[in-house]
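Please walk through the model below with the strands and helices in view. The text takes the sheets and then the helix packing.

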Amino acid sequence: MIFPKKDLTVITTHINADFDAVASMFAAQKLYPDALVVFPGSHEKNLRNFFIQSMVYLCNMTDIKDIDFDNVHRLVLVDTRQPKRIGKFAALIEQDDVEIHIYDHHPDLADDIKGKYEVVEMTGATASILTDIIKETGINITADEATIIGLGIYEDTGSFTFSSTTEADFLAAAYLVSKGANLDVIANLIAREISPVQVSILNDMFQSLTRYNIGGVEVAVSTISTDQYVADFAFLVHKMVKMENLNAIFALARMDHKVYVVARSRSSEVDAGSIVKELGGGGHAFAAAATIRDKTLTQTEQILMDLLHKNVKSNKLAHDLMSSPAITVDEKVTCEEARHLLTRYNINALIVTRKNKGTKELLGYIARQVISKVIYLELKEFTVGEYMTPEPGRVSADAQLPEIQRQIIDNKQRVLPVVENDEIVGVITRTDLLNTLVQEQSFSGQHPPDPFRKEVNARRRNVLHMMEERLSDNLLDLLKGIGSIADNLGYGVYVVGGFVRDLFLYRKNEDVDIVIEGSGIKFAAEYAKTHQVRTHAYSKFGTAVIIFPDGFKIDVASARMEHYRFPADLPTVEMSSIKLDLFRRDFTVNTLSIQLNPDHFGILIDFFSAQKDIKEKAIRVMHNLSFVEDPTRVYRAIRFEQRFGFNLGKPTVALIKSVVKMDFFPKLSGRRVFNELRQILEEENPAPAIKRLDDYGLLTIIHPNLKPDQSMLSLLESVKKVLSWHKLLYMQENCNRWAVYFMAMIAKCDGKASEAICDKLEIVPRFYSVFCKERFDLHSCLYWMKNNMPVQNSKLYRKLNDFRLELILFLMAAAEDEEIKKSISFYVTRLKNTRTSIRGRDLMRMNIEPGPIYREILTAVLDARLDGHVKTRHDELNFVRHYVSCPTIKNS
């Protein structure tokens, strides 16, 4: 059908029209009722299922091949101003007799089409602009029409979650809802299900995902290739952004003979729109797309990489790069003392200062190489002030990268102080700068980052939704309260360690460890003032424990760093920042922290790629001397490896073997070794960890007789079954699981060996008796049971009742005879807690003279109840009357 000659008004949008583009065309048709609505080319295929069918009867929609371009008088462009994105209609923009009207929300570009009439506003969706005009002009719209326009707003603002969303978008949506917009329809269309083909494409996108560091900014690039067109590619990219928490991604897909580019950015350092524009596409700084017809996928990717290197620049400031606090030394300190400081903190330069009216005045810096040469020349007693590099360059905390680069490189300066209000707040090293320029953010297991020597660029991620999903409301409110009080004190506050690790592993963990950038003791005291809680403070370590009325506890620590005077020493503690506090921890998987201050609540901070190691199921130490400083970390590494099903990396295994070979373990106190061993034995199944300890020779260090042979492993497995059985009984009596497993470990040790082991581990007296004396009494008990089965209930009770629960459960595990196991089970479940109804006062009411006879009578009553001869209180009283009437009792 060809239209007759007349003045035509055509409404169109960009190629590959999305919901906002089509909704805007529909809204514009309300402003231009005689206009024809025409797609310039292809559009997202998911639009067909609702939009196209609806618009066929709701507006004058026409195919482009039916338009006589010579008869177009007015061209109305919505959601674009780019000539390259309107297909054949680009030929009309140069014609003087064609009037151009524009409605757009994209930022200005140099080659934008100029219109006779333009409405350009920085809103989240073009449909919002047109909705406001419809509202102001009083044009009536139906509920169906409001739904169509509303869908464009919801889609282009990410249901009002994108940073581009403005007040105008909310107001426009509110107006459309007032006109009857159906939110159920909108929600169903936006929440699209992924088809099997799309799942396959998404998997390919993940497989090809590569993270580049460009100018200090992480940018992800994914490339895929398929012979057929896949709908909703932009939707899949959005899914990927959310699943991988990407700040910037450029996804390239070859479909048919075209290359589609979709870009998303949440970083101010990556302007997706300007980059994609140079590929022939367009969009916003945060979202853009392009369709390329004359390039291969490889060519497009290469062009993109060139554009990224050209356009992406870091906006990092000095406070983002610096290490804090700065390690300083007074000018009067000797070079020998300075050498020890360099070794203690594992750094290569010290800032030299002078005390001046209570502050530290910056004088210069001294490098490790200078110190080494001074020591070599036997001048170690001279002060650092005599050999320092004086008057170093300095920068403020908000200094930008070019200034930092000029100070360090042009001045050949090894370390750059960061100064605010005459106070040294941090330092930037040459390595810090180099890492930013050459993008070495990641590290291998062999060479993890050292926060003193190089900047560790933390990965930050909002995990509030995860916290809301996996934590109880009470615990979440508790963390928010902690954040508020710390904020009032001007402190940074974080929940750290295993609590955060287990959040990612979907494991319940309510052992809350809080780190305060400030005084942990002062924070705990302030928290106690506003809540009905008690606190215990430990000033030596700057820590405190908050104790709630129900017994729940929170550990509070001041951010601190530790150094060790010699291998296996207890740490010396100094105050620090959260980054240095996390660096002192044992393994990377335990270095995650979540900020709790109200303005940043739920922000995950990952300095040391802990998320990567959790994903790869790897246990990695923080640095190569970690096990030397604290050999007990070896026990912890093995415990975590077995608990989580993780693996010790080859470098970690080599470091364990090395520290065992260097014989540092005998220097550890027995109590420290026992504490680690006890935690292993508290695990659900400690046998694999015990075997691992033996693989490294860590059991024979305790005692040569500790060898996990097959009999020990079988007994450990039996103990595991017994403890699981006991746990399912839900009995009130607590059981020290570790003690039962420990008895299984030393089962084949005689009294002398057992005492040697307990002495070595500094076992507390009450358990010393259990392991070295009472355990051996079980042997005679077991022997008696073998020879007296079946046994009367009262006799079984008398044999077992004097033993602790841990000993009884161990006996049950050690018994090989099933009849004996059943008897012990019967004792635990039916006999152990049996009590008589009558007491001594009942005997007194029966006029029985008080004395030793009371114990005899009550024992007889208990035996009668155990053996089923009495069941009620009345039965017991009758039993007593009969018992005391017995001539033997009377005579006694």
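In which sense do strand E23 (residues 543-547) and E24 pair, and over how many bridges? In this predicted model, E23 and E24 are antiparallel partners joined over 5 bridges.

Val515 is found opposite Ala557 in E24. E21 in turn pairs with strand E20 (residues 492-496), in the antiparallel sense and over 5 bridges. In that pairing, Val493 stands opposite Ile516 in E21.

These strands belong to an open sheet of 8 strands. Read across the sheet, the order is E19-E28-E27-E20-E21-E24-E23-E22, and the pairing is mixed. At the edges are strand E19 (459-462) and strand E22 (534-538), each of which pairs on one side only. From one strand to the next, the twist averages 25°.

Helices pack on this sheet as well. Helix H17 (residues 473-488) lies across E20, E21 and E24, and it runs at about 15° to E21. Helix H19 (residues 520-530) touches E21, E22, E23 and E24. The direction of H19 makes about 20° with that of E23.

A further sheet has 4 strands and is also described as open. Its order is E13-E14-E15-E16, with mixed pairing. The edge strands in this case are strand E13 (328-330) and strand E16 (389-390), and each pairs on one side only. E13 pairs with strand E14 (residues 349-356) in the parallel sense over 3 bridges. Within this pairing, Val329 has Val352 of E14 as its bridge partner.

The remaining part of the tour concerns helices packed on helices. Such a pair is described by the angle between the axes and the distance between them. How do helix H30 (residues 765-788) and helix H31 (residues 793-800) cross? Their axes come within 11 Å, and the crossing is at roughly 165°. An angle over 145° counts as roughly antiparallel, so H30 and H31 are roughly antiparallel to each other. The crossing of H30 past H31 is left-handed. On the H30 side, the residues that meet H31 are Cys781, Trp784 and Met785. On the H31 side they are Lys795, Leu796, Lys799 and Leu800. By class, this contact has 5 nonpolar residues, 2 charged residues and no polar ones.

H31 also packs with helix H33 (residues 818-831), where the axes come within 10 Å and cross at roughly 90°. That angle makes H31 roughly perpendicular to H33. From H31, the contact uses Asn793, Leu796, Tyr797 and Leu800. From H33, Ser823, Ile824, Phe826, Tyr827 and Leu831 take part. The class count for H31 with H33 is 7 nonpolar, 2 polar and no charged residues. Leu796 and Leu800 of H31 are listed both in the contact with H30 and in the contact with H33.

Technical notes:
Residues numbered from 1 in each chain as written. Predicted model: local features only at pLDDT ≥ 70, side-chain atom pairs only at ≥ 80, totals over all residues. Heavy atoms only, no water. Axes fitted to C-alpha atoms, helices over the stretch in contact; angles between N-to-C directions. Helix = DSSP H or I, 4+ residues; strand = E, 2+ residues; numbered from the N terminus. Parallel < 35°, antiparallel > 145°, perpendicular 65-115°, else oblique. Left-handed = near helix turned anticlockwise from the far one by under 90°. Contact = heavy atoms within 4.5 Å. Nonpolar A, V, L, I, M, F, W, Y, C, P; charged D, E, K, R; others polar. Pairing = 2+ DSSP bridges.
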